[in-house]
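Please keep the 3D view open as you read.

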Amino acid sequence: MCRSIKTLRPPVLPEEATEDEIRAAALQYVRKVSGFRAPAAHNREVFDRAVDTVAAATAELLTGLEVRGSRAPASH
């Protein structure tokens, strides 16, 4: 997996992950999987849609995780 994607859940990230951090991780994932740093114009729509989908799934995951030893589950 892409090593530049950082862990976004506590305790690695003590505060809540921001939308920008979630989107950056999603972008890195889509870049890695697609093999494109930036898509050609004819692939832009599907590339951007994939980033949106991965970001939404990531936010849902982080919201649902219960991290033991923390005050409360992460929420977004």
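Ten residues form the largest nonpolar core: Leu8, Ala17, Ile22, Ala25, Ala26, Val30, Phe47, Val51, Ala55 and Leu62. A nonpolar core here is a set of buried Ala, Val, Leu, Ile, Met, Phe, Trp, Tyr and Cys residues joined through side-chain atoms within 4.5 Å, and buried means under 20% relative accessible area with a 1.4 Å probe, counting protein chains only. The elements that give two or more residues to this core are α1 (19-34) and α2 (44-64). In soluble globular proteins, nonpolar side chains tend to be buried together.

This is a predicted model, in which local features need pLDDT of at least 70 and side-chain atom pairs count only at pLDDT 80 or more, while totals for chains, interfaces and linings use all residues. Residues are numbered from 1 along each chain as its sequence is written, and side-chain values use heavy atoms, leaving out hydrogens and water.

Looking at the whole protein, you will find two helices and zero strands; these are DSSP runs, numbered from the N terminus (helices: H or I, at least four residues; strands: E, at least two). Of the 76 residues in the protein, 24% are buried. Among contacts (heavy atoms within 4.5 Å) between residues at least 6 apart in sequence, 51% join residues at least 24 apart.

Methods
Buried < 20%, exposed > 50% of the residue type's maximum accessible area, 1.4 Å probe, protein only.
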